[in-house]
Amino acid sequence: MIDSDDTQPPAPHRNRVLDALKRAERKVFTRPAPKSAKAQMKFLYTRTKQSTKALAEQLGVSTRTVQRYRAGQQTKPQKRLRATLVEVTESQWQPQARAQARERAATSSCMMVEVTAHFRFTCTGSSDDGRERTITTPDLHPVVAEAITESYFTE
């Protein structure tokens, strides 16, 4: 049977870029996101228009579990639920601040890009090991174009 879903998982390097963008978005928050499981549940409960069922489906837990955390009967979530709570809370936290930061970044010409790369040299008889270097540039396009050219069209 052929799967009708044509979506493929993102490439490993793409995940790094997306993670870096998420970290950059978190820096524009004017207030810290909720930390405790009860506060996160409370926030997400209001975001789902006070629907315990919708929140439980979003988190992949039972409605009773959501009720326990909201009531304070449970306070320490298991590892998977803790990671899901943090991810979902941060993805929905302060949407206006996030949108304004994206707008500023899209219209600004002074965005700086910082890339960490591992350089190594191939030279006969050399003892030079690879080194990590940080490259900072105001324009990402030439860096990406050069990297694609180097990795795909030259050896």
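Leucine 85 sits in helix α5; helices, like strands, are DSSP runs numbered from the N terminus (H or I over at least four residues for helices, E over at least two for strands). Everything shown here comes from a predicted model, where local features need pLDDT of at least 70, side-chain atom pairs count only at pLDDT 80 or more, and totals for chains, interfaces and linings use all residues. Residues are numbered from 1 along each chain as its sequence is written, and side-chain values use heavy atoms, with hydrogens and water left out.

**View A. Leucine 85 and its surroundings.** At 0% relative accessibility, leucine 85 counts as buried (buried is under 20% relative accessible area, exposed over 50%, partly exposed in between, with a 1.4 Å probe and protein chains only). Leaving aside neighbours within four places in sequence, leucine 85 is in contact with Ala37, Gln40, Met41, Leu44, Leu59 and Pro77, where contact means heavy atoms within 4.5 Å. Look also for serine 36: its C-alpha atom is 9.5 Å from that of leucine 85, although the two residues are 49 apart along the chain.

**View B. Threonine 89, another residue of α5.** Threonine 89 lies in helix α5 and, at 1% relative accessibility, counts as buried. Residues up to four places away in sequence aside, threonine 89 touches Ala33, Pro34, Gln40, Phe43 and Leu44.

**View C. The buried side of α2.** Which residues of α2 are buried? They are Ala37, Gln40, Met41, Phe43, Leu44 and Tyr45. These buried residues pack against α3, α4 (63-71) and α5.

**View D. Helix α2 meeting helix α3.** Helix α2 (residues 37-47) and helix α3 (residues 52-59) pack at an angle of about 115°, and their axes are 9 Å apart. Axes here are lines fitted to C-alpha atoms, for helices over the stretch in contact, and angles run from 0 to 180 degrees between N-to-C directions. Met41, Leu44 and Tyr45 of α2 make the contact with Thr52, Leu55 and Leu59 of α3. By class, the residues of this contact divide into 5 nonpolar, 1 polar and no charged (Ala, Val, Leu, Ile, Met, Phe, Trp, Tyr, Cys and Pro count as nonpolar, Asp, Glu, Lys and Arg as charged, and the others, Gly among them, as polar).

**View E. The aromatic pair.** A search of the whole structure finds 1 aromatic pair. The ring centres of phenylalanine 43 and tryptophan 93 are 5.0 Å apart and their planes are at 70°, so the pair is edge-to-face. Rings of Phe, Tyr and Trp (its six-membered ring) pair if their centres lie within 6.5 Å; planes under 30 degrees apart count as stacked, over 60 as edge-to-face and the rest as tilted. The partners are 50 residues apart, with phenylalanine 43 in helix α2 and tryptophan 93 in the loop between α5 (79-92) and α6 (95-107). Both phenylalanine 43 and tryptophan 93 are buried.

**View F. A charge over a ring.** The charged end of arginine 70 sits over the ring of tyrosine 45, 3.5 Å from its centre. The criterion is NZ of Lys or CZ of Arg within 6 Å of the ring centre and within 35 degrees of the ring normal.

**View G. The loop between α2 and α3.** Most residues other than glycine have a negative phi. Lysine 49, in this loop, has a positive phi near 60° and is exposed, with a relative accessible area of 74%. Glutamine 50, also found in the loop between α2 and α3, has a positive phi of about 60° and counts as exposed at 54% relative accessibility.
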